[in-house]
Amino acid sequence: NDLDKTPVFINFLNAAIPDCSPEGTSMVYISAMAKADYDDGINDSNYVNWKESIADKLIKRCEDALNIDLRSSIEEIEICTPSTFSRYMGSPYGTPYGYEVDLWDSCPIRTLSKPSEKFIKGLTFVGAHTEMGDGYSTTYTTGQTAAYDVLKELKNE
């Protein structure tokens with residue numbers, strides 16, 4: 001199935017922020033962007049079992065790839081699916097990246113309106129919901145653009 005082929009992303013948060021969890025513990029995120037067919041027999045009565053089976057597969061893939069035992073160390077687990085993102089974030093189709101960009105709200109329109117949306121001197125928006133659209137890559141791009149904008153403002157002062 002799709003989940004067996006899709007890349008799996010593992011984030012050991014303690015590597016970047018050692019004190020993000022109590023000493024002797026770790027925060028680990030496992031993510032995979034696999035397309036699931038929600039019409040394929042998934043319903044309210046089997047949804048929890050379905051998402052737990054996905055988590056089980058992802059944990060096993062990580063354990064196999066890293067040759068470590070993660071499962072016996074899990075104290076808490078939160079399993080999110082597109083339905084989770086849609087329910088709690090209100091994002092269309094459950095995307096964790098933000099909102100779908102439409103023609104009326106696309107990159108050219110957002111770029112043209114950017115100067116008129118500068119209300120506070122020194123405040124520059126950075127993130128996945130800016131003139132470049134939505135997603136992880138736009139966060140990096142807008143971060144670089146914001147840095148240039150701030151440096152330009154400072155140089156002009």
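From the N terminus on, the elements of the chain follow the order α-β-α-β-α-α-α-α, which comes to six helices and two strands. Helices (H or I, at least four residues) and strands (E, at least two) are DSSP runs, numbered from the N terminus. The model is predicted, and local features need pLDDT of at least 70, side-chain atom pairs count only at pLDDT 80 or more, and totals for chains, interfaces and linings use all residues. Residues are numbered from 1 along each chain as its sequence is written, and side-chain values use heavy atoms, with hydrogens and water left out. Of the 157 residues in the chain, 21% are buried; here buried means under 20% relative accessible area, exposed means over 50%, and partly exposed lies in between (1.4 Å probe, protein chains only).

The structure holds one aromatic pair. It is formed by Y47 and W50, whose ring centres are 5.9 Å apart and whose planes make an angle of 35°, a tilted arrangement. Rings of Phe, Tyr and Trp (its six-membered ring) count as a pair if their centres lie within 6.5 Å; planes under 30 degrees apart are stacked, over 60 edge-to-face, and the rest tilted. Both residues belong to helix α3 (residues 47-66), where they stand three residues apart, about one turn of the helix. Y47 is buried, with a relative accessible area of 18%, and W50, at 18% relative accessibility, also counts as buried.

Charged side chains were examined next. Side chains of opposite charge can pair when their charged atoms come close. A salt bridge is taken as a side-chain nitrogen of Lys or Arg within 4 Å of a carboxyl oxygen of Asp or Glu, and the structure holds five salt bridges. One of them joins D56 and R71, with the closest N and O atoms 2.6 Å apart. This pair links distant parts of the chain, since D56 is in helix α3 and R71 in the loop between α3 and α4 (82-89), 15 residues apart. D56 is partly exposed at 38% relative accessibility, as is R71 with a relative accessible area of 35%.

A salt bridge also connects K114 with D149, the closest N and O atoms being 3.0 Å apart. K114 lies in the loop between α5 (107-113) and α6 (136-156) and D149 in helix α6, so the pair ties together parts that are 35 residues apart in sequence. K114 is partly exposed, with a relative accessible area of 29%, and D149 is partly exposed at 25%. The side chains of E153 and K118 likewise meet in a salt bridge (3.0 Å, N to O). This pair, too, links distant parts of the chain: E153 is in helix α6 and K118 in the loop between α5 and α6, 35 residues apart. The relative accessible area is 25% for E153, which is partly exposed, and 36% for K118, which is partly exposed. Salt bridges that share partners join D56, E63 and R71 into one network.

On the surface, I10, F12, V28, L66 and I68 form a nonpolar patch with about 360 Å² of accessible area together. Patches are made of residues with over 30% relative accessible area and no salt bridge, like charges being joined within 9 Å and nonpolar side chains (Val, Leu, Ile, Met, Phe, Trp, Tyr) within 5 Å. Accessible areas come from the Shrake-Rupley method with a 1.4 Å probe, and for residues only the protein chains shown count as cover. I10 is placed in strand β1 (residues 8-12) and is partly exposed at 31% relative accessibility.

N67, in the loop between α3 and α4, has a phi near 55°, a positive value in a residue other than glycine. N67 counts as exposed, at 71% relative accessibility.
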